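User: Please go through the model below with me, one question at a time. Keep to what can be computed from it.

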Amino acid sequence: MGTTRESKLVSRRELLQTTAVIAGSTAFGRFFPAALGARAAALPWPPYPQQGGAPADPVAAMRAQMGAAPMETHKLADNLTMFGGPGGNVVALNGTDGKFIVDTFVKPVWPKLKAALDGLGNAPLKLVIDTHWHFDHTDNNEAFHEAGAAILAHENTKTRLTESHDLLGMHFGPSPAAALPTETFKAMKKLQANGENMTLAHLAPAHTDTDIYVHYQKANVLHCGDVFFNGMYPFIDAGTGGRINGMIAAATSLLAMVDSSTKCVPGHGPLGDKAALAKYRDMMSTVRDRVQKQKSAGKKLEEVVAAKPTADLDAVWGKGLIPGDVFVTIVYNTL
Ligand SMILES: [Zn+2]
């Protein structure tokens, strides 16, 4: 069920090519002078460097690096809190019905996250919701489960977590049973808790084929997962169904759900709003159009990258984790 027809259209060769471009990018010299430098630790999704001697366990290195980022707390509403920083943005809905959590950070952050959630009050951990299968969003599923929470996700997330994947130089084996979603859904799920109405719904393949959003209607908050990288080029995981046109379509459907006062929680980056989400969508459309034009004209990937179609955008969007040449490569390979 998890593998989409579209994902098979992205060949293994293209994926390897993407990884090679990412690994060879000049950004790595900038971002990884020392494995755990402060600047690198602050990056929301640093692709793993493959040059100059890889550590024995790239996943552990990435966990340590992402987990070293400081955790920030933002109150979104009386009973709704966002924790940002160490590998994504976690949102906690708290009240007498229990604590309902979206996303989990990476493993090393568990003690800090657990302490922060305990600080919200004595209600038990009821449910953790995964926005998609990636480890920086699901890494503490097992810890939440052991702490008494059920785990809810799209059915493709469960499928992906039972498979092996290679992602940005990291290898992930099948997750242990205790880390798998205990409950899944296909299209949409509605939850009522703590005076809030939540709508969870699947988005057609965008960042992966497992993406959902979580909409808190009363608080007017939308957790967008990794469909939204606020203020930077996004990573798109072509290996599990991600594609640029899906990203644009997903951002467009999220835009239709929000108003000017909606708080838009991105998968990575600072808390956003409708204007930030619109700017991000428009940037993706611009890059897609430019790359599509050259690809349709028969240009090879190397030629398109060399033409620097994002030159005027990189100063704003390329400062995060995915530099312009890498984003162009991802866009080209998923068109
Ligand atoms: Zn992701």
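**The loop, the helices and the core**

Analyst: D103 is found in the loop between strand 4 (99-102) and helix 5 (110-118), where helices (H or I, at least four residues) and strands (E, at least two) are DSSP runs numbered from the N terminus. This is a predicted model, in which local features need pLDDT of at least 70, side-chain atom pairs count only at pLDDT 80 or more, and totals for chains, interfaces and linings use all residues. Residues are numbered from 1 along each chain as its sequence is written.

User: Is D103 buried or exposed?

Analyst: A residue is buried if 20 or more other C-beta atoms lie within 10 Å of its own, exposed if 12 or fewer, and partly exposed in between, with C-beta atoms placed from the backbone. D103 has 27 C-beta neighbours inside 10 Å, so D103 counts as buried.

User: What is the phi of F105, a residue other than glycine?

Analyst: Most residues other than glycine have a negative phi. F105 is placed in the loop between strand 4 and helix 5, and F105 is buried, with 28 other C-beta atoms within 10 Å. D103 has a positive phi, near 70°. For F105 the value is also positive, near 65°.

User: How are helix 9 and helix 10 oriented to each other?

Analyst: Two packed helices are described by the angle between their axes and the distance between the axes. Helix 9 (residues 244-255) and helix 10 (residues 274-296) pack at an angle of about 155°, with their axes 10 Å apart; axes are lines fitted to C-alpha atoms, for helices over the stretch in contact, and angles run from 0 to 180 degrees between N-to-C directions. Angles under 35 degrees count as roughly parallel, over 145 as roughly antiparallel, 65 to 115 as roughly perpendicular and the rest as oblique. Helix 9 and helix 10 are therefore roughly antiparallel.

User: How do the residues of the contact of helix 9 with helix 10 divide into nonpolar, polar and charged?

Analyst: Residues are in contact if their C-beta atoms, placed from the backbone, lie within 7 Å. The contact is made by I244, N245, M247, I248, A251, T252, L254 and L255 of helix 9 and K274, L277, A278, Y280, R281, M284, S285 and R288 of helix 10. Ala, Val, Leu, Ile, Met, Phe, Trp, Tyr, Cys and Pro count as nonpolar, Asp, Glu, Lys and Arg as charged, and the others, Gly among them, as polar. The division is 10 nonpolar, 3 polar and 3 charged.

User: Which residues does M247 touch, not counting those up to four places away in sequence?

Analyst: M247 lies in helix 9 and has 29 C-beta neighbours inside 10 Å, so M247 counts as buried. Its C-alpha atom is separated by 8.2 Å from that of I236, 11 residues apart along the chain. The residues touched are A206, H207, V227, P234, I236 and M284.

User: Which residues have the most contacts inside the largest nonpolar core?

Analyst: A nonpolar core is a set of buried Ala, Val, Leu, Ile, Met, Phe, Trp, Tyr and Cys residues joined through C-beta atoms within 7 Å. The largest one has 74 residues, and those with the most contacts inside it are I101, I129, V227, M247, A251 and L254.

User: How many residues of helix 13 are buried?

Analyst: Of the 335 residues of the protein chain, 49% count as buried. Helix 13 (residues 324-333) is largely enclosed by the rest of the structure, because its buried residues number 10 of the 10.

Conventions: Two residues are in contact if their C-beta atoms, placed from the backbone, lie within 7 Å.
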